[in-house]
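Subject: Structure for you to look at, with notes

Dear colleague,

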Amino acid sequence: MPASNGNGRIRTQSLLITLYGDYIRPRGGEIWVGSLIKLLSHFGATAQAVRSSLSRMCQKDWIKARRVGSKSFYSLSAGGKEWMDSAARRIFALQDQTPSWDGRWNQITYNIPEEKRELRERLRQELGWLGFAPLGQSTWISPNNKDKEIDDLVKKLGLVGWVESFTSTHRGYSSDRELAGRLWDLTGINRRYQEFY
């Protein structure tokens with residue numbers, strides 16, 4: 001579901017991600033920037049916001065641009081397609097799973113040099129997308145087993161040697177439910193889930 005920017009307006013980049021995943025990719029995969037601007041204007045997005053979001057998405061290698069004369073057409077890059085496929089697998093896998101938990105936490109720690117801070121930020125962003133939350137400055141946890149996704153991510157980013165992965169149990173001094181409530185906005189997540197359905 002597209003995220004709100006806090007004042008009730010849906011963020012432009014979230015709208016673009018939804019459009020590409022649900023509508024543009026299955027129907028040829030490419031769209032003219034003018035069509036995107038017109039379409040997203042109905043959701044309160046300005047032409048400037050659309051162009052800025054497209055530029056950021058190109059920098060992240062989620063989409064690519066193709067010029068035909070004075071017109072720009074945008075489609076998912078190979079990285080963007082891989083990211084969308086991964087997201088779809090996570091969404092549908094969660095729908096198929098029964099909500100049981102073995103009490104073990106997937107724990108990631110890292111010590112990434114300052115000269116690789118862009119990769120560190122990318123790792124944090126990807127960990128958040130995988131459902132991890134920061135327990136400390138360089139320690140993230142998730143109640144879900146994400147070993148394969150973490151292996152793929154660490155290798156893709158070239159961070160082998162700077163990242164370690166553990167399976168751990170929580171011994172105290174709060175309950176697992178209290179810990180989760182501190183790390184994730186469970187009330188907000190539940191509210192958005194109810195609004196979505």
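The notes below take the chain as a whole and then the packing of its helices.

This is a predicted model, in which local features need pLDDT of at least 70 and side-chain atom pairs count only at pLDDT 80 or more, while totals for chains, interfaces and linings use all residues. Residues are numbered from 1 along each chain as its sequence is written, and side-chain values use heavy atoms, with hydrogens and water left out.

The chain has 8 helices and 7 strands (DSSP runs, H or I of at least four residues for helices and E of at least two for strands, numbered from the N terminus). Of its 197 residues, 32% are buried, meaning under 20% relative accessible area with a 1.4 Å probe, protein chains only.

Helix α2 (residues 33-41) packs against helix α3 (residues 47-59) at an angle of about 125°, with the axes 9 Å apart (axes are lines fitted to C-alpha atoms over the stretch in contact, and angles run from 0 to 180 degrees between N-to-C directions). That angle makes α2 oblique to α3, since angles under 35 degrees count as roughly parallel, over 145 as roughly antiparallel, 65 to 115 as roughly perpendicular and the rest as oblique. On the α2 side the contact (heavy atoms within 4.5 Å) is made by V33, L36, I37 and L40, and on the α3 side by A47, V50, R51 and L54.

Helix α1 (residues 12-24) also packs with α3, at about 65° and with the axes 9 Å apart, and the two are therefore roughly perpendicular. Here T12, Q13, L16 and I17 of α1 meet A49, V50, S53, L54, R56 and M57 of α3.

Best wishes

Notes: Buried means under 20% relative accessible area, exposed over 50%, partly exposed in between (1.4 Å probe, protein chains only).
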